Protein chains: 2
Amino acid sequence: MTNELAEDPTSAAPAPRATRATRATRATRATLADIAALASVSVATVSKVLNGRDGVSDETRDRIDALLDARGYSRRTTAHRPAPVIDVLCFDIASPFSAAMTAALERVVRRAGRGLVISGAENDYGPPAGWVDGVLHRDSLGVILLLSELSPRIKTRLRSRDIPVVAINPFGPPAADASSIGSADWNGGFLATRHLQELGHTRIAIIKGPDGMQAAAARLAGYRTALETAGIRVRPEWIKPGRFVHADGYAQGRALLELEERPTAVFASSDLQALGVYDAARSLGLDIPGDLSVIGYGDLSVSQWASPAMTSVHVPIAQMAEAAMTLVERSREQPGLSFRHVDLPTELVVRASTAPPRRAS
Amino acid sequence: MTNELAEDPTSAAPAPRATRATRATRATRATLADIAALASVSVATVSKVLNGRDGVSDETRDRIDALLDARGYSRRTTAHRPAPVIDVLCFDIASPFSAAMTAALERVVRRAGRGLVISGAENDYGPPAGWVDGVLHRDSLGVILLLSELSPRIKTRLRSRDIPVVAINPFGPPAADASSIGSADWNGGFLATRHLQELGHTRIAIIKGPDGMQAAAARLAGYRTALETAGIRVRPEWIKPGRFVHADGYAQGRALLELEERPTAVFASSDLQALGVYDAARSLGLDIPGDLSVIGYGDLSVSQWASPAMTSVHVPIAQMAEAAMTLVERSREQPGLSFRHVDLPTELVVRASTAPPRRAS
């Protein structure tokens with residue numbers, strides 16, 4: 001996938017954005033003075049907006065941003081030498097997935113001779129106050145979103161300075177106005193469920209990921225397809241909601257295991273959820289994998305440290321980080337490049353938390 | 001401890017460095033031309049060294065760095081406006097401790113209106129090639145070392161630009177040429193061991209941290225003191241080496257549990273080591289805490305996710321991050337500030353992995 005990306009940057013691209021493509025080939029670009037005249041403000045005010053400084057009303061800032069975007073002003077035509085950094089906006093930096101991805105991004109960004117600026121997203125997955133001003137002030141080479149998202153207004157501000165945005169695991173469907181990187185979540189859900197079936201399980205439950213998260217929906221769809229392919233009825237009471245946290249794995253695991261007719265296997269949509277299911281089983285005196293098989297998702301270090309070591313779907317974190325950096329660099333070299341979505345492959349890693357179901361159960 | 005730091009920045013300080021204090025009060029500073037003349041090079045060459053650019057031999061660079069340091073050239077006297085970033089050099093970004101500390105640092109750096117640039121240290125705990133050039137090029141406001149270290153040469157280069165360095169959990173003893181932040185490791189080791197004694201354990205083993213790491217040595221010393229205070233002989237065969245990784249906890253846990261006279265409790269010097277001991281116990285069919293009590297160190301999220309939830313020594317990560325940032329800012333405001341070491345308090349968090357020993361054992 002990464003190779004395909006390197007060879008043909010425009011294949012499999014969503015509809016190209018005419019404005020952007022036109023801008024890249026435009027012979028003359030607007031000057032600061034042009035923008036100031038059009039916006040009926042001083043050159044100093046335009047400069048403030050360009051550099052992310054204070055002292056400009058939101059309304060004026062939006063108007064100037066829109067003009068900068070429409071008129072094709074490019075900061076790169078100025079003498080300013082950009083500081084060589086990439087900005088990463090990350091939800092829950094300390095979580096195992098974010099930490100592993102941050103470490104991988106740091107390696108690829110460093111190999112490219114850049115520094116990595118990391119910022120924590122807020123609880124609504126958006127950036128903290130003032131974040132975009134910092135990005136502009138640093139003249140960042142690009143923004144990588146990790147489990148986080150930006151408002152259209154902020155995207156416009158970044159686009160007006162030709163700062164590309166690439167989202168890793170975006171929440172919704174791949175956006176029309178930003179590139180994104182994911183992994184084969186549907187396939188991962190299918191592989192996990194089929195593995196349990198091959199062991200002989202027919203009573204397989206799932207704990208889902210957050211509502212509205214594309215990757216979580218795809219994992220659930222893979223689970224459903226595997227059941228349906230095997231001619232097993234999908235039972236709504238064995239499909240539980242959850243965020244990607246230990247507490248939800250525990251609560252939903254308890255709920256599943258206390259059902260009158262309980263499942264013999266649980267497919268958790270994240271490794272942390274699966275650790276929560278471990279705890280739920282333990283709290284009820286159930287053995288893993290003797291009484292209950294458990295599969296996680298992510299193949300993060302925590303899955304290898306678990307007792308017993310956890311069967312999990314491998315997410316190719318290093319390759320996703322590389323693909324994100326490649327897309328940022330391509331977008332800088334070819335500002336007219338169409339937005340695209342890249343999915344990298346997943347695979348199942350079988351460890352000790354899955355086994356055939358007990359006959360008696 | 002943080003408050004004490006805020007109120008009196010010079011108390012409990014190690015011996016002040018005369019050179020630095022003198023520089024801060026010097027009325028006139030050397031110009032680029034002065035430095036160039038003294039080094040018998042062009043002003044352009046001095047400028048290259050100042051800005052971390054290529055094209056200067058190591059020998060010339062060292063000579064100019066030394067002159068910049070000795071003559072008190074300060075980049076802050078130029079018109080250049082520093083990019084508002086702090087650099088963090090971190091060993092093993094993806095590890096639970098590093099990830100938790102990075103998340104905490106990101107919060108305090110952001111609250112201070114700065115960006116956080118993160119770089120991964122190499123296997124020798126030193127920075128990757130070219131790292132210091134990037135720091136100088138970005139004109140970073142300060143460097144925070146996390147489980148990593150710098151050569152004297154790199155420290156000189158940073159000092160020549162008045163870029164302060166603060167180390168969190170430095171390897172060796174607190175350095176004479178940099179400030180550092182730690183936590184009360186000796187006390188943590190003591191509290192963990194005494195808790196096991198209060199439960200009735202007398203056969204208490206320890207898995208140590210990396211050789212030469214001050215924090216690990218202090219944890220071991222706390223363990224020894226608790227045993228000696230209780231009149232229990234310290235048994236060398238129950239003191240095992242290890243790095244702060246799961247694999248070493250497993251291997252040393254197995255070694256301890258296969259001794260003819262095995263311990264009834266293991267104090268691991270990190271949470272990951274303790275998870276390895278969980279696996280070792282499980283592999284031998286031993287129950288935690290029934291057959292073996294286990295204590296970790298760090299009180300990281302992994303200790304709460306473990307089954308059973310792990311008793312662990314709490315390391316005050318958020319406060320350590322705050323103290324590091326405070327020291328960076330103080331050093332910028334008062335370049336003559338003496339280097340100092342701050343230790344923040346630890347405490348024991350009792351969960352489900354410790355219990356009285358079985359009578360029969």
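Axes here are lines fitted to C-alpha atoms, for helices over the stretch in contact, and angles between their N-to-C directions run from 0 to 180 degrees. With that in hand, let us look around this predicted model.

**View 1. Helices α7 and α8 of chain B pack side by side at about 5 degrees.** Here α7 covers residues 131-138 of chain B and α8 covers residues 152-160 of chain B, with axes 11 Å apart. Angles under 35 degrees count as roughly parallel, so α7(B) is roughly parallel to α8(B). From α7(B), look for Trp131(B), Val132(B), Asp133(B), Val135(B) and Leu136(B); their partners in α8(B) are Ile154(B), Arg157(B) and Leu158(B). By residue type, this contact has six nonpolar, no polar and two charged members.

**View 2. Helices α9 and α10 of chain B meet at about 40 degrees.** The pair joins residues 185-198 (α9) with residues 214-229 (α10) of chain B, and the axes lie 7 Å apart. The two helices are therefore oblique to each other, and α9(B) passes α10(B) in a right-handed crossing. On the α9(B) side, the contact is made by Asp185(B), Trp186(B), Gly189(B), Phe190(B), Thr193(B), Arg194(B) and Gln197(B). Facing them from α10(B) are residues including Ala215(B), Ala218(B), Arg219(B), Gly222(B), Tyr223(B) and Leu227(B). Sorted by type, the residues of the α9(B) and α10(B) contact are eight nonpolar, six polar and three charged.

**View 3. Chain A and chain B share an interface of about 2,900 Å² of buried area.** The size of an interface is often given as the accessible area lost when the parts come together. In this one, carbon and sulfur atoms give 61% of the area buried between chain B and chain A. Chain A puts 37 residues into the contact, and chain B puts in 37 residues.

**View 4. A salt bridge links the two chains through Asp287(A) and Arg282(B).** The closest N and O atoms of Asp287(A) and Arg282(B) are 4.0 Å apart. Between chain B and chain A, the count is three salt bridges.

**View 5. Within chain A, Glu59(A) forms a salt bridge with Arg63(A).** Zoom in on this pair and you will find the closest N and O atoms 3.2 Å apart. Both residues sit in helix α5 (residues 58-71) of chain A, and because they are four residues apart there, about one helical turn separates Glu59(A) from Arg63(A). Stepping back to the whole structure, a search finds 29 salt bridges over all chains.

Methods: Residues numbered from 1 in each chain as written. Chains lettered and ligands numbered in written order. Predicted model: local features only at pLDDT ≥ 70, side-chain atom pairs only at ≥ 80, totals over all residues. Heavy atoms only, no water. Parallel < 35°, antiparallel > 145°, perpendicular 65-115°, else oblique. Left-handed = near helix turned anticlockwise from the far one by under 90°. Contact = heavy atoms within 4.5 Å. Nonpolar A, V, L, I, M, F, W, Y, C, P; charged D, E, K, R; others polar. Buried area = accessible area lost by both parts, 1.4 Å probe. Salt bridge = Lys/Arg side-chain N within 4 Å of Asp/Glu carboxyl O.
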